[in-house]
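Hello,

Here is the structure I said I would pass on. My notes on it follow below the display.

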Amino acid sequence: MKLKRIGVDLAKQVFQIHGVDSHEQAVCRKQLKRSQMLDFFRQLEPCTVAMEACGSSHYWARELRVLGHEVRLIAPQFVKPYVKSGKNDANDAEAICEAASRPNMRYVEVKSAEQQAGQALHRIRSRLIRARTALVNEIRGLLGEFGLVESRHGVAATRRLAQAALADAENGLPGQMRGLLVELQGELVEHEARLSRLDETIQRQAREDERVERLMLVEGIGPITATALVSAVGDARQFRSARQFAARLGLVPRQHSSGGKEQLGPINKRGDTYLRTLLVHGARAVLRHCQDKADRRSQWLQRLLCRRNPNIATVALANKNARIVWAILSRGDCYQPG
């Protein structure tokens, strides 16, 4: 069977195939089980295979590329307009195949296994931080019911509060609550230990990857942000310009232009939330210490702070850092602070 293009609707166990020939006629519509996928594509001549960028899509893209096929991943929002009538697996596969035929369609770059492993590390770390924050709030709330409060916030202050509550035998804390507090304190120590191990892994990756080292020369980008950018982006040449990369992170204004009149709104926040958050937090740290510096970058920030509020200046610096990151990763340049 000679197929020009195949649309694959991915799932966990059952996959839908829609293939067209050189005349754009549908000649293959079938379902495949997970165990049949590679055998089916192994028997075909190399062709274009399109899939939605979703769970397991990067794995299947790597596997099909090994078999000689050209794999294209399409964002789900770009496939939706091509779905005809009701939604089912067959219609979804046909819509994916049709979307891949558009000459101006934008595709998602296939990630390597190392990139996905790096992203998994950051996702686990982010989940542990959320769990630790919830645990700290729970400890403070429970102790507050017994009149034990701490004016300072944070993990260290909560740890001191719990230790003081256990050490004071005359604070009116019941014995059952003391036993529960010991368990919560041990859980907090375990979270801290796991986060420390993950941070050590990130630091080791930062030392071993020269791309991360070059990114860390930019003010506002540390090892966590740099490793997250390298894992998520990989080869920045997939973006045509620095603005396109900044738009991918949701750091450009929303547009509502018509009739030749350009109207820009607030920052759209349509991109990667995690990367955008890291860049914004790094920019906020730079703004906090720019008043006492005399370099060109700090002078630009000082002038910006004089005419705009700090939040706008923070996002502006995050946008500038994102464009510098694109130049470093796409051209192999080194950052020159001057």
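**Cysteines**

The whole structure was searched for disulfides, and zero were found. Cysteine 97 is in no disulfide: its nearest cysteine sulfur belongs to cysteine 47 and is 9.5 Å away. With a relative accessibility of 2%, cysteine 97 counts as buried. Cysteine 290 is also in no disulfide; for this residue the nearest cysteine sulfur is that of cysteine 306, 9.5 Å away. Cysteine 290 has a relative accessible area of 1% and is therefore buried. Please keep in mind that this is a predicted model.

In general, the strands of a sheet pair through backbone hydrogen bonds, in either a parallel or an antiparallel way. For β2 and β3 the sense is antiparallel, with seven bridges between them. Histidine 18 stands opposite arginine 29, which is in β3.

**Aromatic rings**

Four aromatic pairs turn up in a search of the whole structure. One of them is phenylalanine 15 with tryptophan 60: the ring centres are 5.5 Å apart and the planes stand at 75°, so this pair is edge-to-face. The two residues come from distant parts of the chain, 45 residues apart, with phenylalanine 15 in strand β2 (residues 14-20) and tryptophan 60 in helix α2 (residues 57-66). Are they buried or exposed? Both phenylalanine 15 and tryptophan 60 are buried. Phenylalanine 40 and phenylalanine 41 have ring centres 5.2 Å apart and planes at 85°, so they too form an edge-to-face pair. Phenylalanine 40 and phenylalanine 41 are both buried. Ring pairs also join Phe15, Tyr59 and Trp60 into a cluster.

A charged side chain meets a ring elsewhere: lysine 320 lies over the face of tryptophan 300, at 4.5 Å from the ring centre.

**Two positive phi values**

Glutamate 24 has phi near 60°, a positive value in a residue that is not glycine. Where is glutamate 24 found? It is in the loop between β2 and β3 (26-33). Its relative accessible area is 36%, so glutamate 24 is partly exposed.

Serine 56 is not a glycine either, yet its phi is positive, about 75°. Serine 56 lies in the loop that runs between β4 (48-52) and α2. This serine 56 has a relative accessible area of 31%, so it is partly exposed.

**Threonine 314**

Threonine 314 is in helix α13 (residues 310-331). It counts as buried because its relative accessibility is 4%. Which residues does threonine 314 contact, leaving aside its neighbours within four places in sequence? They are Val280, Ala283, Arg284 and Leu287.

Regards

Definitions and conventions: Residues are numbered from 1 along each chain as its sequence is written. This is a predicted model: local features need pLDDT of at least 70, side-chain atom pairs count only at pLDDT 80 or more; totals for chains, interfaces and linings use all residues. Side-chain values use heavy atoms; hydrogens and water are left out. Rings of Phe, Tyr and Trp (its six-membered ring) pair if their centres lie within 6.5 Å; planes under 30 degrees apart count as stacked, over 60 as edge-to-face and the rest as tilted. Helices (H or I, at least four residues) and strands (E, at least two) are DSSP runs, numbered from the N terminus. Buried means under 20% relative accessible area, exposed over 50%, partly exposed in between (1.4 Å probe, protein chains only). A charge sits over a ring if NZ of Lys or CZ of Arg is within 6 Å of the ring centre and within 35 degrees of the ring normal. Contact means heavy atoms within 4.5 Å. A disulfide is a pair of cysteine sulfur atoms within 2.5 Å. Two strands pair if DSSP finds at least two bridges between them.
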